[in-house]
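Please find my notes on this model below.

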Amino acid sequence: TKTIAVVDDKGIAARFLMGVTNSTYSVEALESYILTQRPVHGSDYYKVLADFAELDQVEKFEEKALIKLLSPTIYHNFLALLRQEMFLYGLSDVLVGINEVCVEFLRKMNPSKPVKQLSYISPIQPDDVSSSLPFEKRRDLVFFGYNNFANNQAVDWFYEEVLPRIKTGHKFHIAGTVETSVCNCETRCIEKKNVVCHCALDDSSLEGLIRESRIAVNPVLEPSGIATKTCRALAYKTPVVVSELDGTFNSKRTSLAGKRIPEKDAIAMANAINELLTEKEQWEAASNAAQNFIAEHFGFDQYRKDWSSILDYLEKEDPVEIVIGGSANINGDPTEVNNWNIANN
């Protein structure tokens with residue numbers, strides 16, 4: 001039996017260091033995080049970690065000024081967490097990352113280990129969607145997401161810089177638990193001109209909102225990796241306008257369904273949105289391309305191909321039975337996975 005370590009963006013040490021580099025969070029918040037191992041949200045965890053790390057020499061972190069801002073207790077807890085992660089990775093025969101920045105991190109921290117990439121699976125697949133509304137029955141813009149720093153920052157920036165440039169007659173819908181100057185669902189929905197704040201929606205209501213929207217936006221101002229919100233919108237044939245920091249698209253993953261705009265370029269983002277709002281043929285071409293993009297890059301077929309490639313690699317020299325074991329934390333609840341023979345599933 002050989003061991004595969006599948007690594008996503010939930011690594012304890014990576015999240016810790018991400019928090020250190022984000023001025024939004026105080027040392028007290030980080031200390032609470034270390035003691036409880038509760039995630040502190042941020043973006044691009046592994047890229048941050050890789051930028052600080054020099055191979056496996058964790059002592060090099062002592063030279064970094066940001067680390068010196070921490071108390072000795074928190075600093076040593078961080079090193080212990082990082083060493084623990086690196087030790088566990090070292091026990092595995094193959095390391096598998098779920099996105100490009102994670103793969104980059106794994107290669108830098110484990111130069112002697114083979115590193116592979118596993119495709120992300122969109123939570124909504126084209127086969128799950130029975131129908132979609134035409135251009136004439138859609139009108140507005142939508143953003144949906146959880147309460148975290150990246151989403152809150154993106155919504156505030158979009159409201160201040162982009163929305164005033166959008167053609168009149170189109171409202172901006174915000175769904176989810178974001179807490180911004182535009183919409184704070186922890187207290188009340190703040191009524192703003194041309195803004196509709198829905199707060200948290202159940203899956204059925206969110207699906208209806210996405211289906212009825214002409215465009216979904218993700219104006220994220222920090223690297224976000226592959227965005228679930230973007231994939232979900234595309235699965236419902238809703239074209240998207242996103243910043244280049246939304247990792248759903250890159251030089252290899254391109255589509256008419258998504259317009260990528262340089263970060264913080266409000267004029268370019270507004271122009272792209274206005275084109276899709278008013279140009280029916282362009283919108284229809286984007287809508288028709290959306291589900292193909294999801295199926296090609298984030299569907300089960302690509303996921304199976306990735307696993308087949310990983311298993312073929314392991315079996316080149318010595319045929320083996322691959323068994324995966326591990327644990328995860330889903331919505332705060334521990335989830336165990338033991339003796340799952342992926343070769344037979």
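**Notes on side-chain packing**

1. Lys116 lies over the face of Tyr313, 4.2 Å from the ring centre. A charge counts as over a ring if NZ of Lys or CZ of Arg is within 6 Å of the ring centre and within 35 degrees of the ring normal. Arg214 gives another case: its charged end sits over the ring of Phe135, 3.8 Å from the centre.

2. Some ground rules. This is a predicted model: local features need pLDDT of at least 70, side-chain atom pairs count only at pLDDT 80 or more, and totals for chains, interfaces and linings use all residues. Residues are numbered from 1 along each chain as its sequence is written, and side-chain values use heavy atoms, with hydrogens and water left out.

3. How many aromatic pairs does the structure hold? There are 6 aromatic pairs. Rings of Phe, Tyr and Trp (its six-membered ring) pair if their centres lie within 6.5 Å; planes under 30 degrees apart count as stacked, over 60 as edge-to-face and the rest as tilted. Phe135 and Trp283 have ring centres 5.5 Å apart and planes at 65°, so this pair is edge-to-face. The pair links distant parts of the chain, 148 residues apart: Phe135 is in the loop between strand S3 (115-117) and strand S4 (140-145), Trp283 in helix H11 (residues 280-298). Helices (H or I, at least four residues) and strands (E, at least two) are DSSP runs, numbered from the N terminus. Phe135 and Trp283 are buried. Buried means under 20% relative accessible area, exposed over 50%, partly exposed in between (1.4 Å probe, protein chains only).

4. Phe249 and Phe293 form a stacked aromatic pair, with 4.8 Å centre to centre and 25° between the planes. Phe249 lies in the loop between strand S8 (240-243) and strand S9 (258-261) and Phe293 in helix H11, so the pair ties together parts 44 residues apart in sequence. Both Phe249 and Phe293 are buried. They also belong to one aromatic cluster with Tyr120 and Phe298.

5. Helix H10 (residues 266-278) packs against H11 at an angle of about 95°, with the axes 5 Å apart. Axes are lines fitted to C-alpha atoms, for helices over the stretch in contact, and angles run from 0 to 180 degrees between N-to-C directions. H10 and H11 are therefore roughly perpendicular (65 to 115 degrees). Glu275, Leu276 and Thr278 of H10 meet Lys280, Gln282, Trp283 and Ala286 of H11 in this contact. Contact means heavy atoms within 4.5 Å. The contact residues divide into 3 nonpolar, 2 polar and 2 charged. Here Ala, Val, Leu, Ile, Met, Phe, Trp, Tyr, Cys and Pro count as nonpolar, Asp, Glu, Lys and Arg as charged, and the others, Gly among them, as polar.

6. Leu133 lies in the loop between S3 and S4. Is Leu133 buried or partly exposed? Leu133 is partly exposed, with a relative accessible area of 29%. Leaving aside neighbours within four places in sequence, Leu133 is in contact with Arg138, Arg211, Glu212 and Trp283.

7. Asn151 lies in helix H7 (residues 149-162). Asn151 counts as buried, at 6% relative accessibility. Not counting residues up to four places away in sequence, Asn151 touches Phe143, Gly145, Tyr146, Val178 and Lys229.

Technical notes: Parallel < 35°, antiparallel > 145°, perpendicular 65-115°, else oblique.
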